[in-house]
Amino acid sequence: CCEHRLFPSPTVGGSLASHPRRLRKAPQIRPSCAASMAAAAAAGDSGEQPLLHLKLAFLALEPPACVLTLARKAGGGSVTPHVQNFILENCVGTNVGGGPDCTYVKTILKKVIAEAELSSDIVIDELYEEFGRCMSSRANNPELSLAKIYKEISFLSPAYENVSSNPVSLVARLLCSTNMLEGDTGCCLWPSSLFLSEFILSFPELFAKKCCFELGSGVGLVGVCLNHVGASKVILTDGDASTLTNMKANMEMNNLHIEDSQLVKESKNKVECKYLSWEEACESDLRDYQRDIVLGADIIYNPSCVPHLVRVLCMLLRGDDGRHESVNAATNGEIGDEVSGTTATGGPVAYIATVIRNADTFNCFAKAAADAKLSVVNITSSAAPSSFLPYMISYDRSSVQLLKITLLS
């Protein structure tokens, strides 16, 4: 029924353009997106900001309802022909990794057309044509609906409206899973990972020239951000083989992962991806890994894993005295002690971002940590990161807690 309404029968003369709410575009007056957004950034033009947010939300594969909300905002309350044209040229026409997921593009186009029709607005002819091409491609090639999709996460400078430089400070290209229900959660992008990434970008001096070790790295977004702020070494780990394979592919896609150990030493991009099972990890496994800072996002999720997680944290936070002194000396004095990447004894510190979905699970972790003489301090308020992802409407920053964990002396 819906598909039929989106493609009405040709009227007089059989021309698709003769539909009363269709407008054939005039190519000669198309604005250049790149030029307009660059001019907007230079002039601080907030009128172009919604279009930039719309494009970035599409590239990040935000939920279609969120993209539609941004499309309305960009059009001043409705999806205008100008916004439709922008979506065609700057969203659908992009090529992220293997290209936008066909199912996602089809859904976006369908919602945009339906929205414009319901509001009695003009629908440009090319929007119908692109939707038809997408439907045809999907029908001819069912394999286009893949188990994994490419997302492009763009971090905006919080002050980009007032500067003339590029508003996008960092772009991470990631291959993510579309299935969170069948054991592929490690390849999904979670809110805590976004929050921890914003924290890193908000306090770059905490991580610059430090050896950073992440537990349960998933798609590797945190590693991309650590490399960006100048961490001297980034070690990403995961205990799932398929997740690790996907993580390595993501680092390679961002030009950060090098397998050859000698090349790693010579490269400024020092990101390593390693297999680490919390259940099987022992002191000897971790002895060779330097770590000034330990990180983790959404790793407190399963009560059965809590004892193993706490044991690994204890081993990682012991560190060695020689490196403790260098961490203290390198810490920026302007950062508060509560947030600072040091402990009272100068040992390593852990930052864990987590969404407390089950209070019993978190309480289990808190008790196990206390028993193991770990200090767990909630620094969410004192270390609230800047907003680098204002276009990600689905990202609920308020649901994430940031914990600073240290080993008590």
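I looked up Phe 207 and Tyr 351 and found both buried (under 20% relative accessible area; exposed is over 50%, partly exposed in between, with a 1.4 Å probe and protein chains only). The model is predicted, so I note its limits: local features need pLDDT of at least 70, side-chain atom pairs count only at pLDDT 80 or more, and totals for chains, interfaces and linings use all residues. Residues are numbered from 1 along each chain as its sequence is written, and side-chain values use heavy atoms, with hydrogens and water left out.

**Aromatic pairs**

I applied the ring rule: rings of Phe, Tyr and Trp (its six-membered ring) pair if their centres lie within 6.5 Å, with planes under 30 degrees apart counted as stacked, over 60 as edge-to-face and the rest as tilted. Phe 207 and Tyr 351 form an edge-to-face pair, because their ring centres are 6.1 Å apart and their planes stand at 65°. I note that this pair links distant parts of the chain, 144 residues apart: Phe 207 belongs to helix H9 (residues 204-207) and Tyr 351 to strand S9 (residues 349-355). Helices (H or I, at least four residues) and strands (E, at least two) are DSSP runs, numbered from the N terminus. Ring pairs also join Phe 199 and Phe 203 with Phe 207 and Tyr 351 in a cluster.

**Helix H11**

I then checked H11, whose 13 residues reach 19 Å from first C-alpha to last, close to the expected 18 Å (1.5 Å times one less than the number of residues). Its buried residues include Thr 243, Leu 244, Asn 246 and Met 247. I found that the buried residues fall within an arc of 165° seen down the axis, so they line one face of H11; the arc is that of the directions from the helix axis to the C-beta atoms. On the other side, Ala 241 and Thr 245 are exposed. I recorded strand S3 (148-156) and helix H10 (221-228) among the elements covering the buried residues.

Ser 242 lies in H11 and counts as partly exposed, at 44% relative accessibility. I found its side chain in a polar contact of 2.6 Å with that of Asp 240 (a pair of N or O atoms within 3.5 Å; within protein, one must be able to donate a hydrogen and the other to accept it, and residues adjacent in sequence count only if both atoms are side-chain atoms).

**Glu 130**

I placed Glu 130 in helix H7 (residues 125-140). Glu 130 is buried, at 19% relative accessible area. Leaving aside neighbours within four places in sequence, I found Glu 130 in contact (heavy atoms within 4.5 Å) with Leu 88, Val 92 and Leu 109.
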